[in-house]
Amino acid sequence: MEMSKFIVQQMKDLGAEVCYHEFLPHSKHFHPLKFFTSMTNDLAVRPNGTYSNSGTNTIGIIRAPRGDGKEAIVLVTPYNPQRVQANEVLSLALGFSVFSLLSRAAWLSKDIVWLSADSQFGEYTAVSAWLNQYHNPMFVGGVKHEPDGIAEKAEFTDFKRAGTMAAALIFKVGETRNYGDRDSVTMYAEASNGQMPNLDLLNVVHYLAVHRQGFRVNIETISSLLSSAWLRAIAEVIHTLGSILRKINPDWKLDITASDYVEGTANLASSIYNQALGVPTGSHGAFRDYQVDAVSLEFSPTFYIRNENAKSSFLVRGGRLLEGVVRSVNNLLEKFHQSFFLYFLTAPSKFISVGVYMIPFALLVVPLPIVAAALADGGRKKGKSIDASKTKGSADNLQTEGGSWEWLQAARVLLVIQLWAVIVSLLPYYISQIPDGTPIQSSVIWVVLAILTLIVLYAMFGSPYSAGVEWKLLKATMITSISIGLGLMSIINFATAQLGALIVIPMCLFSRPLKAQLGLSFLPRTVLCASNILLAVFGFPPAALLIMKGLSKGSWTVDLGDFWASMEFLWEWSSATYLYLFLVHLPCWLLCIHVLLHPCRQVGSKVKRE
Amino acid sequence: MMPPSTARRLCFLSLLLLLLLLAAAASATADAAAAEEFTEELLLRPLPDRKALAHFHFRSSAPPASAAGRHHHLFPKAISQLVQKFHISELELSFTQGRWNYEQWGGYDPMSTNNAKPPGVELWAIFDLPLAEIDATWKNLTHTLSGLFCASINFLESSTAFSAPRWGFKLNEGNLRYGALPREAVCTENLTPWLKLLPCRDKAGIASLLYRPSVYKGYYHSQKLKLKSSQSLGIILDQTLTVVLQPNTVSGKQLHSTGGQLQPSWSMEHLFSKKLSGKCLVSKSSRVFVEIEKGIVDNVDKAGSDVSSNNDLFVLSTAPDRSLKELDNLEVQSSSLYEYDVNNYNSDKPLNVGITWKLPLIWSCTRAPYHASRFLMGSGNERGSIAMSFLSTGLDKQLVDSSNDCSIKAVVFQVVPWYVKVYYHSLEVFIDGNSKAISEVVDKIHVTPSEDKLLPGTMEMLLKFPCSMQLATLTLDFDKGFLHIDEYPPDANQGFDIPSALVSFPEFNSSRSYPEADPLFVSPLLENFKEDGVVKSYTEVLLVPLTTPDFSMPYNVITFTCTVLALYFGSLLNALRRRIGEEERGLKKAGILNKRGLIPLLIAKLRGQKVDPSESESTSPASLPRSKLLLKVVFVAVVAIVFHYLSNS
């Protein structure tokens, strides 16, 4: 409280408008009906009189002297007033120095809002609570009964606003990094569900940081990839190929150096992973929920934090960087251009645009409907030919008609499985209501309930085998559903769809019944069987999670609780990846298992019936 | 040839005629000079946040048109023509940059109610015309003003841009039109035509203080033109310029002035980088006032000294010619004015009024009963809400007894463009955190719903707030509309503006009267202060981001589609038109099969010549030239690559 009072006093001395914003920590929980909206709506309600457990954001607003107040730029410095660290103090100092400079700036045309966010419950909570109050205030029950002790505070509790937000910058000073020659800035940009801020904002930050202030700019990277030998080998091969091509035509700049290639790949992998996870990498995610472009900058100085000289030079350079970014955004007469939102970053200044990364995905997905059509058609033709050879006469017409409607059976199977998937995805809501459940218990309950539901559903609607669906039709239906699912997901979160396609599509295309007579020789058959089983194991979400964890951390302990925890993580952030996993991936996997275990009695039974 | 005598007579006659004409003209100008008047005044006032306010006021008046004919001595002809042509009985045009700070610079004085204007251009006019002709006249008027002031006022021509409020803005019989352009930028190109209307322009008199760099460096800049015309009074043209400036006393000190709360001492030279050297010679009166606010006067009283030009708290650099005291309804002195007659100063002895503070002083301006602000709620491209909040400033406690049934009236006037489709039924009122029924708060409401691409939505509302209220909020939901491609402005896409709403408090009057013994002392500036001034304040301009199509997208789509169509139709037509069997037969007959194109040949080569076995049989001698051709092609390619490699390395 002393800290925020001090900040308010400082802001007030600068002639800024000041206000406090109190908020309650938001307990996230899974609520199926409010999956995408739960983040925004239930924050503002607060019971009267409970001040012990609330956070206090401090907000200062500089009105642009000659501006019209339609737009605002937001600066955010998170700090924890309960336990203030030296680096947090430094980031507050940086924020204050920029703010005091801007309070004297005559060139401002957009208002400046400085939010020093109380991060004792996490920065995201503080920032999103403030944004929610800014955009969706509650007018009912918001009367402030201030304790009499803080009369001075009452003046500032009135929530103050500036216009539409143009951009937001979140900056903090991280831990001291002892290696490297230059202070570095790490940019975090991924918001929820793979949304990215406008690329121009990142470019401005990168340009000013590197070319003006001499910072080293990083983005998140998967460090295990940086040291991997096989990636380096690929990079060497590509480098050699590129240099040969370059000798032919010097205009072809294809010879990426091996280290660049490795670094770019590691960055790209991290970028795709963060987007696919659908969980914001920082409090900038809260801004993106309100269509505000925001980027987090984490400064990691190379000096020891108590070194006064280095600190002041750092303040000068960091302040100049922030001022430059604010100035660039301030001078914009228009919004950022609408087309630079879909991209993956391979380096702070390099990106892969949507036009490029869509192509592999399109190539993966486009064959699916064709394969499905071919399978369905092939299955029917086979049946027809059998019919034609075995039966002649009046029954012929009826039989062919029956054959053309056979896919309905397969569609019914698909519907039952989809229904099961929906139920499984909703189960955590009820399981999380159980008090004192450890993650392991919860996940065990989840799995058991899921299996039980499947059995019950099969008992009600009949299992796929009893209905006598041919496996090719089943596979065709599966492929159709997966192509629809992937198509939809690519609109919501492209990275998830792309990563998912890499697992799901081979799994679908390879799947054949283990008992099927294929007329192949022994070797291809075993290879096919083995790959089938391998893909089916790898495609099972918990198994995939375990393998991924094993690859990244090297710990191969089977822990069911981990699965529960990671799923909880996904739905807490209302990531669409959760929906994808349970509504697209899981039914597909189950259908694959069904195809694998298909008894292949179809033709025989038909013949017998005849 | 004329005889000399007749020539002399003609000469004499013409001379006589000329003399007569001259005499007539002289008498006419003498008449006009008696009636046409020009006065210039300047008011300076220190503001609580270390800034200073300068308010220029120029009044030109012309007698009724019948008396003077078409000729004017002082009055700008452009304006009198405008008044006559468009039958204007009242008009006000303001160009504003920056926002008036109602908290710091006052919200309850004639300055803020009359001269605080919304950012951009605001124009309203009352016409003395039959109702049916008004809209057409308004359109012509906007074009004329647009030409006169070098501004895009003509954008107000479209019926989507102006509205006809009945009582929310100003009480009228339907002959008032109101329009605002919040995005219009204000610059010297608007000031120059405004100055041209003055008889001395900015060459002499008070207007010569308008040094452009210092005027446009200010925090608030509002230039206004107000016309009043009637049969009995003639035309009265009031031109005002209100600027809020940061006195640049000591430039180095300004950087650190934020630390202490010390008021800067300033003079005219600090504000305008110029001193006043004499009046505009044709002006009837030329005065400079320094106004000392009630807050300072109270402080001076507290300090126990008399409010003179030299007291315990401050000293005015030049002794005033006269001092005036404002008396409010309780006969208590509230603010004081010091007057300087510019007549007494010339270029040898220029006027440089200034104020020097003896003690650091903190005071505050009187504020309006409620601080009105407006903001947008919601996010996304689909819908949102406009909220308007009224925060009590605590003034009501001083003025009105907080008995239970007392209430304060507020009038809200708001124009919303059609693409923000406001649902007026969704109006909700919250007072101090409780939802209230509309009927409890809204006394009277008049809504003109918007019509797509035709009419903006206009809302006039009379609200009644209980005196004990701290915070009231009104919300209105809206949907965001889609614009047709040619309705997007050609400018950069920043979003779309909702013009400022006007909130007025009819029970509060900000007029000030300065009782003066001297009946000869007439000051148009003070007359304006005395006029009925209902306390008004403008809210913020809002920026609504609308869905904006990517305008380069159609181009991409057109090029892609055309390419695909061309490829598709080309190949399809080719396939349909070609009769392959006949062609081959024909070719065989002609024996020119081996003169095929290069590419099919290459393809054939790549396929290992298995394309047409029958053909190879029949034309075995032809395979030799083909392989020769291929060899040639390969040779040329190799030579090209080698040449390229060598030339580049």
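## A walk through chains A and B

Start by selecting the two domains of chain A: the C-alpha centres of domain 1 of chain A and domain 2 of chain A are 33 Å apart. Domain 1 of chain A covers 223-275, and domain 2 of chain A covers 356-382 + 407-597; such bounds come from an automatic or database domain assignment. The model you are looking at is predicted, so local features need pLDDT of at least 70 and side-chain atom pairs count only at pLDDT 80 or more, while totals for chains, interfaces and linings use all residues. Residues are numbered from 1 along each chain as its sequence is written, chains are lettered from A and ligands numbered from 1 in the order in which they are written, and side-chain values use heavy atoms, with hydrogens and water left out.

**Stop 1: annotated spans of chain A.** Stay on chain A and select 354-376, 413-431, 443-461, 526-548 and 577-597, which an unreviewed UniProt entry annotates as "transmembrane region". UniProt positions are given in the numbering used here, feature names are shortened, and annotations may be inferred rather than shown by experiment. Colour 443-461 of chain A and you will find 100% helix and 0% strand, with end C-alpha atoms 27 Å apart. Residues 526-548 of chain A are 96% helix and 0% strand, and their end C-alpha atoms lie 26 Å apart. Helices (H or I, at least four residues) and strands (E, at least two) are DSSP runs, numbered from the N terminus.

**Stop 2: where chain A meets chain B.** Now show both chains and select the contacts (heavy atoms within 4.5 Å): 37 residues of chain A touch 41 residues of chain B. About 3200 Å² is buried between the two chains, and carbon and sulfur atoms give 54% of that area. Buried area is the accessible area (1.4 Å probe) that two parts lose on being put together, summed over both.

A salt bridge here is a side-chain nitrogen of Lys or Arg within 4 Å of a carboxyl oxygen of Asp or Glu, and the rule finds 2 of them between chain A and chain B. On the chain A side, the elements giving two or more residues are α4 (123-135) and α8 (229-248). That side divides into 11 nonpolar, 12 polar and 14 charged residues.

**Stop 3: inside chain B.** Next, colour domain 1 (37-119 + 182-250 + 273-291) and domain 2 (370-515 + 528-551) of chain B. Their C-alpha centres lie 29 Å apart. In this pairing, 22 residues of domain 1 of chain B are in contact with 25 residues of domain 2 of chain B, and the buried area is about 1900 Å², of which carbon and sulfur atoms give 53%.

Zoom in on B:E531 and B:K228, a salt bridge whose closest N and O atoms are 3.9 Å apart. The count between these two domains of chain B is 3 salt bridges. On the domain 1 side, β2 (52-62) and α4 (110-115) of chain B each give two or more residues, and α4(B) has the largest share, with 5 residues.

**Last stop: annotated spans of chain B.** Finish with residues 555-576 and 629-646 of chain B, listed by UniProt as "transmembrane region" (unreviewed entry). Residues 555-576 of chain B are 100% helix and 0% strand, with end C-alpha atoms 31 Å apart. Residues 629-646 of chain B are 100% helix and 0% strand, with end C-alpha atoms 26 Å apart.

Terms used
Nonpolar A, V, L, I, M, F, W, Y, C, P; charged D, E, K, R; others polar.
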